[in-house]
Structure formats: structure tokens, C-alpha cells
Amino acid sequence: QVHRFKFISDSKNTVDGFIAHEVQAVVPEAITGEKDAINEDGSIKPQGIDQSKLVPLLTAALQETIAKVEALEAEVSKLRSK
């Protein structure tokens, strides 16, 4: 899922992105840290996402989608020419 959110450390800016613990279920190697981790002083120890590790998966999904769209367009074209 893509979410729109504000970081606790920058509450003025809204960003679109992924929630680390949700990504971890799909691409665990892209995530550092643990969900809901707390530092010794009680402050939040946030997880991180290495989004570059998502790029190959997103590219493959886009390529698959493009191939399906092209096949459907060819089928529609074929049906229209009958």
C-alpha cells in the first residue's frame, strides 16, 4: 500500500510512501530496524526503508502490466477489424 503521511520529525511536509513494517512482509531485505522499537531513553527508534531494493520489483510489475495491456490492445484491435 502507498500511504500519504507526515514524519514525526517533519510534521509540516506531507509525503507519499511506504510504511516499513508493511514492506517488511513483502521485501524484508529492504527494511532496517524493528517495528515499534524504542531507544533506551524512551525515544522512537524508527525503521528505515532502502527504496532502491524495491525498484527491481516495481519495474518487473510494470513490465508485466505493460505486456498485459499490449496483449489486450492487440485483442481489441483484432476484434474491431472483424
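**The strand pair and its surroundings**

Guide: In this predicted model, the strands β1 and β2 run antiparallel and are joined by 5 bridges. The two strands form a hairpin, with 2 residues between them. Within this pairing, Lys6 stands opposite Thr14, a residue of β2. In a regular strand, side chains alternate between the two faces of the sheet.

Two aromatic residues deserve attention next. The structure holds 1 aromatic pair. It is made by Phe5 and Phe7, whose ring centres are 5.2 Å apart. The planes of these two rings stand at 85°, so the pair is edge-to-face. The reasoning rests on a cut-off, because planes over 60 degrees apart count as edge-to-face. Phe7 has a relative accessibility of 46% and therefore counts as partly exposed. The class follows because partly exposed residues lie between the buried limit of under 20% and the exposed limit of over 50%.

Rolling a probe the size of a water molecule over the atoms shows where empty space is left. The largest pocket holds about 640 Å³ of space. It is lined by 23 residues, and those closest to its centre are Phe7, Ala20, Ile44, Pro46 and Gln47. Sorted by class, the lining of the largest pocket comprises 11 nonpolar, 6 polar and 6 charged residues.

The helix α1 connects this description to another pocket. The second largest pocket has a volume of about 210 Å³. At least two residues of its lining come from α1, and at least two come from α2 (55–80). Among the residues that line the second largest pocket are Gln1, Val2, Phe18, Ile19, Glu22 and Val23. Leu54, Leu57 and Leu58 also belong to the lining of this pocket. By class, the lining of the second largest pocket divides into 9 nonpolar residues, 1 polar residue and 1 charged residue.

Side chains of opposite charge can pair when their charged atoms come close. The structure has 4 salt bridges. One of them joins the side chains of Lys68 and Glu64, with a distance of 3.4 Å from N to O. These two residues are 4 residues apart in helix α2, which means that about one helical turn separates them. Lys68 is exposed, because its relative accessible area is 51%, whereas Glu64, at 47%, is partly exposed.

Another salt bridge links the side chains of Asp50 and Lys53, at 3.9 Å from N to O. This distance meets the rule because a salt bridge requires the nitrogen to be within 4 Å of the oxygen. Asp50 has a relative accessible area of 33% and is therefore partly exposed. Lys53 is likewise partly exposed, with a relative accessible area of 39%.

A further salt bridge brings together the side chains of Asp36 and Lys35, with 2.8 Å from N to O. Asp36 counts as exposed because its relative accessibility is 62%. Lys35, with a relative accessible area of 45%, is partly exposed.

Technical notes: Residues numbered from 1 in each chain as written. Predicted model: local features only at pLDDT ≥ 70, side-chain atom pairs only at ≥ 80, totals over all residues. Heavy atoms only, no water. 1 Å grid on protein atoms, 1.4 Å probe; cavity = no way out; pocket = protein on both sides within 12 Å on 5 of 7 lines; lining within 4 Å. Points joined across faces, edges and corners; volume = space filled by probe spheres on them. Nonpolar A, V, L, I, M, F, W, Y, C, P; charged D, E, K, R; others polar. Phe/Tyr/Trp six-rings, centres within 6.5 Å; stacked < 30°, edge-to-face > 60°. Buried < 20%, exposed > 50% of the residue type's maximum accessible area, 1.4 Å probe, protein only. Pairing = 2+ DSSP bridges.
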